Amino acid sequence: CESVVLIEPNEALVNLLRKRFANEKRVTIIPQALDFREDTQLLSYSKNMDTHGSLSFLKGEKQDEYTSMEVNTTTLDEVLNDLKWEKIDLLKLDLEGFDHNALLGARTALEEGKISVIQFEVTRNSEVSGSSPCATFRYLIQHGFRLFLITEKGLRVLRKPMNIPHFSIYSNFCAIHESVSH
């Protein structure tokens, strides 16, 4: 691959990534969170630094296990513009429920067919962030993507994703743009 961009809002993890990839010229690290707009958000993360953090955690029963910090957000469209990239071959999202918001921030890239493959997840945190799996599926289909469930045996086509009532457990999906040959 020519280059890799790692987008991470947690300052402690950014420092670890910078140390790990210090000699790797192909890696760019962006110390921000992805969202549908440039703004600031509250990032909640585990006090034991197990790398799980989210912009969508609710306060409640686990509140004393988490801490938070204000982080800057950016959009995927802005990242593409800043890097002067024409295309993304593979976009891997693991945003603990904020995947849909990040995709909304890629509106121009999606409309122009600049993203070939997207791997994303659906968890209970998706609901907490105010999105639904069907909203994400519909959005990607409208932008020319075929959807697949990632299983232990490989990719399984989602023929009627709008008929899937609810994902209440962790699931990974792959969206492949129609411009990618089969």
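Mentor: Start with the contacts between residues at least 6 apart in sequence. In the protein chain, 68% of them join residues at least 24 apart. Keep in mind that this is a predicted model. The chain has 182 residues, and 43% of them count as buried. Its accessible surface comes to about 10900 Å². Carbon and sulfur atoms account for 48% of that surface. The secondary structure consists of six helices and eleven strands.

Now the core itself. In soluble globular proteins, nonpolar side chains tend to be buried together. The largest nonpolar core here has 24 residues. Six of them touch the most other members: Leu91, Leu93, Ile115, Ile118, Phe120 and Leu140. Two or more residues come from each of several elements. On the helix side these are helix 2 (76–83), helix 3 (99–104), helix 4 and helix 6 (133–142). On the strand side they are strand 7 (88–92), strand 8 (115–122), strand 9 (145–151) and strand 11 (171–177). Strand 8 gives the largest share, four residues.

Take leucine 93 as a way in. Set aside its neighbours within four places in sequence. Its contacts are then Leu34, Asp99, Ala102, Leu103, Ile118, Gln119, Phe120 and Glu121. Two of these, Ile118 and Phe120, are again among the core residues that touch the most other members. Another core lies apart from the largest one.

Strands of a sheet pair through backbone hydrogen bonds, either parallel or antiparallel. This sheet is open, has five strands, and runs in the order 7-8-11-9-10 with mixed pairing. Strand 7 and strand 10 (154–157) stand at the edges. Each has a single partner strand, so one side of each has no neighbour in the sheet. Ignoring direction, neighbouring strands are turned by 25° against each other on average. Strand 9 and strand 11 run antiparallel and are joined by five bridges. Within that pair, phenylalanine 148 stands opposite cysteine 174 of strand 11.

The other sheet is open too, with four strands in the order 3-6-4-5 and mixed pairing. Its edges are strand 3 (33–34) and strand 5 (53–54), each with a single partner strand, so one side of each is left without a neighbour in the sheet. Follow the order across. Strand 3 pairs with strand 6 (residues 66–74) in the parallel sense, over two bridges. Alanine 33 has threonine 73 of strand 6 as its bridge partner. Glutamine 41 stands opposite valine 71 of strand 6. Finally, strand 4 (residues 39–46) meets strand 5 in an antiparallel pair with two bridges. There, serine 44 has serine 54 of strand 5 as its bridge partner.

In helix 2, the buried residues are Leu76, Asp77, Val79 and Leu80. They span an arc of only 160° around the axis, which means that they sit on the same side of helix 2. Asn81 and Asp82 are exposed, on the other side of this helix. Lysine 84 follows helix 2, with a positive phi near 60°.

Helix 4 covers residues 107–111 and includes glutamate 111. Is that glutamate buried or exposed? Glutamate 111 is exposed, because its relative accessible area is 55% and exposed means over 50%. Glutamate 111 lies 32 residues from histidine 143 in sequence. In space, their C-alpha atoms are 6.1 Å apart.

Terms used. Residues numbered from 1 in each chain as written. Predicted model: local features only at pLDDT ≥ 70, side-chain atom pairs only at ≥ 80, totals over all residues. Heavy atoms only, no water. Buried < 20%, exposed > 50% of the residue type's maximum accessible area, 1.4 Å probe, protein only. Core = buried A, V, L, I, M, F, W, Y, C linked by side-chain atoms within 4.5 Å. Contact = heavy atoms within 4.5 Å. Pairing = 2+ DSSP bridges. Areas by Shrake-Rupley, 256 points an atom, 1.4 Å probe, with all protein chains shown as cover. Arc of directions from axis to C-beta. Axes fitted to C-alpha atoms, helices over the stretch in contact; angles between N-to-C directions.
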